[in-house]
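Please look through the structure below. The text that follows takes a pocket and then a pair of helices.

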Amino acid sequence: MQFTDLKTQYQALKASIDARIQRVLDHGQYIMGPEVAEMEKALAARTGARHCVAVASGTEALLIALMALDLKPGDEVITTPFTFAATAEVIVLLGGQPVYVDIEPDTCNIDATLIEAAITPRTRAIMPVSLYGQVADMAEINAIAARHGLAVIEDAAQSFGASYQAKASCAVSTIGCTSFFPSKPLGCYGDGGALFTNDDAIAQAAREIRVHGQSARYTHTRLGLGGRMDTLQCAVVLGKLERFDWEIARRKQLGDRYGELIRRSGAPVQLLAVRPDRDCVWAQYTVMLDHRAAVQQALQAAGVPTAIHYPKPLHHQPAYAAGCDPLAHPASIAAAQRVMSLPMSADLGDADQQRVVDALAQACAGVAAVAGAAGLAQPA
């Protein structure tokens with residue numbers, strides 16, 4: 001069983017993807033070829049954002065977003081400690097300071113009610129993460145930002161295709177940034193990403209930054225970097241868009257079915273909440289449970305792959321813990337100790353999904369029995 005089944009997806013889309021790739025090989029425009037603009041137009045239309053700027057990766061999208069906002073050394077960016085390192089990495093690379101705010105224990109997204117207290121005169125932006133495929137509480141976050149004159153960057157690396165209050169992820173804030181890493185809901189066959197905005201000036205800055213700060217050939221009007229998404233990867237995304245609506249619907253269906261099957265199985269795991277004003281595209285189907293290592297070991301023995309996203313919050317990571325209280329953000333610490341992701345992709349079959357849940361229930365029961373016996377064996 002595959003944790004993320006990219007092989008079956010490719011077989012379903014082989015004709016389209018192969019044709020798209022062959023077209024690039026035929027015209028030979030591997031950097032900034034016509035597929036780049038075609039993909040940008042298609043994704044902008046899909047999200048409803050005025051601009052889509054294709055870039056080299058999701059990390060590059062976040063970095064370029066901060067550069068477009070002219071983040072200065074010493075500026076603070078409020079974000080969550082329960083995310084992949086790239087979220088804080090881009091802030092630190094520019095000399096900024098990540099300021100962490102804890103998560104909601106039931107969604108693992110940033111707790112918007114805690115953000116305002118973290119704002120200081122040095123705060124420049126808020127960067128919520130739409131974790132596991134569910135958009136954070138952007139209405140409240142945007143309202144806080146508006147009161148304090150701050151920009152909001154949605155780290156939507158895991159949530160492309162999701163919606164929030166009838167708006168698309170990546171088009172619910174000042175800037176939205178997503179990733180096309182192969183295992184994402186919409187992935188390419190290497191690295192790729194995109195930045196979305198309705199702000200013309202930010203879009204122009206992002207387009208210049210991704211080509212070494214050029215406003216025209218060999219005219220460098222700002223600091224930039226080599227941040228282009230190559231034409232072949234854009235061709236892959238265009239090929240995958242042909243059945244993306246079906247894939248998103250299937251992911252939601254599988255997410256609902258996982259919940260039903262797990263509840264029915266009686267497995268003692270906590271399901272993530274999905275708020276009623278949004279949906280989730282389940283970039284990872286993640287649950288929370290005790291005795292995680294033992295359950296993972298039992299699942300591995302049963303042929304069921306799992307993963308942990310993420311085992312250590314950022315304020316416990318040496319590169320991003322400067323000035324942080326290691327005991328702060330208890331919900332993030334607890335989540336890092338308890339989260340476990342199960343196999344998820346649009347091509348996961350119902351029988352395999354049932355097999356995953358049966359194995360999960362059996363593993364939890366077996367671990368609980370061992371733990372109980374060990375407890376009884378201990379002296380009072």
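**The pocket and a helix pair**

Helix H3 gives the largest share of the lining of the largest pocket, 3 residues. The model is a predicted one. Rolling a probe the size of a water molecule over the atoms shows where empty space is left. The largest pocket has a volume of about 420 Å³. It is lined by 25 residues, and the closest to its centre are Phe84, Ala157, Ser179, Phe181 and Lys184. Two elements give two or more residues to this lining, helix H3 (58-68) and helix H4 (86-93). By residue class, the lining of the largest pocket holds 9 nonpolar, 13 polar and 3 charged residues.

The next topic is a pair of helices. Two packed helices are described by the angle between their axes and the distance between the axes. Helix H2, residues 34-47, packs with helix H7, residues 231-240, at an angle of about 40°, and their axes are 8 Å apart. Because of that angle, H2 is oblique to H7; angles under 35 degrees would count as roughly parallel, and 65 to 115 as roughly perpendicular. The crossing of the helices H2 and H7 is left-handed.

Which residues make the contact between H2 and H7? On H2 they are Glu35, Val36, Glu38 and Met39. On H7 they are Thr231, Cys234, Ala235, Val237 and Leu238. Sorted by class, the residues of the contact of H2 with H7 are 6 nonpolar, 1 polar and 2 charged.

Conventions: Residues numbered from 1 in each chain as written. Predicted model: local features only at pLDDT ≥ 70, side-chain atom pairs only at ≥ 80, totals over all residues. Heavy atoms only, no water. Axes fitted to C-alpha atoms, helices over the stretch in contact; angles between N-to-C directions. Helix = DSSP H or I, 4+ residues; strand = E, 2+ residues; numbered from the N terminus. Parallel < 35°, antiparallel > 145°, perpendicular 65-115°, else oblique. Left-handed = near helix turned anticlockwise from the far one by under 90°. Contact = heavy atoms within 4.5 Å. Nonpolar A, V, L, I, M, F, W, Y, C, P; charged D, E, K, R; others polar. 1 Å grid on protein atoms, 1.4 Å probe; cavity = no way out; pocket = protein on both sides within 12 Å on 5 of 7 lines; lining within 4 Å. Points joined across faces, edges and corners; volume = space filled by probe spheres on them.
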